[in-house]
Protein chains: 2
Amino acid sequence: MVTVNRKLLSTEREKLILQALGNGVRTITELSQSLKVSEATVRRDLQSLEEKGKARRVHGGAEQIRFPRIEPLFNEKTALHAAAKNQIAELALKFIEDNDTVYLDGGSTVQRLAALLGSKRNLTVVTNSMTAAAELTESAHRLIILGGEFRALSQTLVGPMTAGILEHLNISKAFLGTIGFTVEEGISTTDPNEAFTKELVMKRSKEVFLLADSSKIGHPSFAVSGNINSIGTLITDPGIPDAVVRKLNKKNIKVVF
Amino acid sequence: MVTVNRKLLSTEREKLILQALGNGVRTITELSQSLKVSEATVRRDLQSLEEKGKARRVHGGAEQIRFPRIEPLFNEKTALHAAAKNQIAELALKFIEDNDTVYLDGGSTVQRLAALLGSKRNLTVVTNSMTAAAELTESAHRLIILGGEFRALSQTLVGPMTAGILEHLNISKAFLGTIGFTVEEGISTTDPNEAFTKELVMKRSKEVFLLADSSKIGHPSFAVSGNINSIGTLITDPGIPDAVVRKLNKKNIKVVF
DNA sequence: GAATAATTTGCAAGATTTTGCAAAAAAATT
DNA sequence: AATTTTTTTGCAAAATCTTGCAAATTATTC
């Protein structure tokens, strides 16, 4: 236990704050009182922690980030992104025709697409996303779920075991999500197993569509998936820089927004 | 129970809402009263949750996005022999030890067992049942889902595609459900694809437990699964006729009730 | 060890966000 | 079609956040 009998360095205080957050969400007032510093100071500390990716501020307080390496990227900054994602999903929908065999990847954008598939007829939907699967269990479409190890963070099935099924399937159109995307390297995610599955899907699909809002472009993640040339079309929002569009077009990747 | 001794942050409130939704559909009014905030605020929270894909709003309230409720048919059956099924599940649980690799089949009895696994540590759970999977997504156990075609009626993944993964796994204890069971033929179900998967599981498992309440005994169904001798133990209820117990014992199948 | 520079802290005014209320719009029900 | 219920929208009050600045603290230099 740390007894506060002298002034604390901000570094020490930040550690105490993190410790306090470990037990859940804390308000600014709570933190301010228990650390005996002004609320302004707490705010500044939290700002610093947020920049380091160790805490997430919410209006009125802050909470701990459980998976520091990953969550900041997940951080769906509110309705702005949500709107973009819906738009992207609607654009993607236009590429799907009745009777298609499509693959749906994990991720929130693709999830939106899954919710829209009710308007199509007689699809065969292959997916590794448990949430997409859940969305589709009540639909009339044929649903095929890749097996494999369940990854709680992304709610997907990933890893080498997925290969067994994928090898037996020919997918006409794959719709992939991603954590990061760069013009040089293409798709990248945080988990190598997930990257492996994405790569395999790209190989087994005639057409590959990448669904990524513009906030993801230019930010690579840890594990790179396959070759960027496997991607046929990037579906994104108008926030994508012109320069990126040009570079992608040069690589024969269509960009839609 | 959460005691509200201070103002809640919106993040916390959203978590409480999700928790409340876990028990089914809630109306806006209910949520507003139990959280002691205005209905407008509840609506806004639900909107936010919906954008994050964690809840679905319906007219008059909201529900959690989860795996679909088991269908009526499934439900009726469940209610019918509920007590027996719970007992059977509890008996089955005693055969599971920490660190085991177990297989969970579809069916309402096995589903009960899935719900009890929280008391064990560090299991590897392999399953083809979407409802069992749903039950376990939040657990700390390692979860492996067989791939394959989704069969809505039983909410399971079945057919030849499941083989790809099963062949790579060694299961120590398999817990199977069934539609019908006879001393002569053993397990039988309505769907050949489902029978195929059950058969394969029996081959890949060191010990096979069949969970079947006594109402199923003596009633064969359409598609027979594998050899009756693959079954090591029948876990059932006291309603099982003595004659059947004797015959099974002769075949070296233990009977537990 | 004193003087100076750099950083941190607390305060308070102005900007932003959240909340609850109520009217208008939309959806479901009769 | 009329009524009731639910949802959306606009608005004002309250709460929270940001920013600039001065005081306090800490680090650096002489």
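How far from a phosphate oxygen of DNA strand D does a backbone N or O atom of A:G60 lie? The distance is 2.5 Å. This is a predicted model, in which local features need pLDDT of at least 70 and side-chain atom pairs count only at pLDDT 80 or more, while totals for chains, interfaces and linings use all residues. Residues are numbered from 1 along each chain as its sequence is written, chains are lettered from A and ligands numbered from 1 in the order in which they are written, and side-chain values use heavy atoms, with hydrogens and water left out.

**Interface of chain A and chain B**

- Contact (heavy atoms within 4.5 Å) joins 34 residues of chain A to 27 residues of chain B.
- The two chains bury about 2600 Å² between them, with 65% of it on carbon and sulfur atoms; buried area is the accessible area (1.4 Å probe) that two parts lose on being put together, summed over both.
- Of the area that chain A buries against chain B, 19% comes from A:M130, A:T137 and A:M161, more than from any other three residues.

**Polar and charged pairs between the chains**

- The rule finds 3 salt bridges across this interface, each a side-chain nitrogen of Lys or Arg within 4 Å of a carboxyl oxygen of Asp or Glu.
- A:R142 and B:E149 meet through their side chains in a salt bridge at 2.8 Å, N to O.
- Between chain A and chain B, 7 residue pairs are in polar contact, both residues at pLDDT 80 or more. A polar contact is a pair of N or O atoms within 3.5 Å; within protein, one must be able to donate a hydrogen and the other to accept it, and residues adjacent in sequence count only if both atoms are side-chain atoms.

**Strand pairing across the interface**

- Strand 6 of chain A pairs with strand 7 (residues 148–151) of chain B in the antiparallel sense over 2 bridges. Strands are DSSP runs (E, at least two residues), numbered from the N terminus, and two of them pair if DSSP finds at least two bridges between them.
- Opposite A:I145 stands B:G148, in strand 7 of chain B.

**DNA strand D**

- Around DNA strand D there are 15 residues, of which A:R43, A:G60, B:R43, B:R57 and B:G60 come nearest; a residue is near the strand if one of its heavy atoms lies within 4 Å of it.
- Sugar and phosphate make up 81% of the atoms of DNA strand D that come within 4 Å of the protein.

Key: Helix = DSSP H or I, 4+ residues; strand = E, 2+ residues; numbered from the N terminus.
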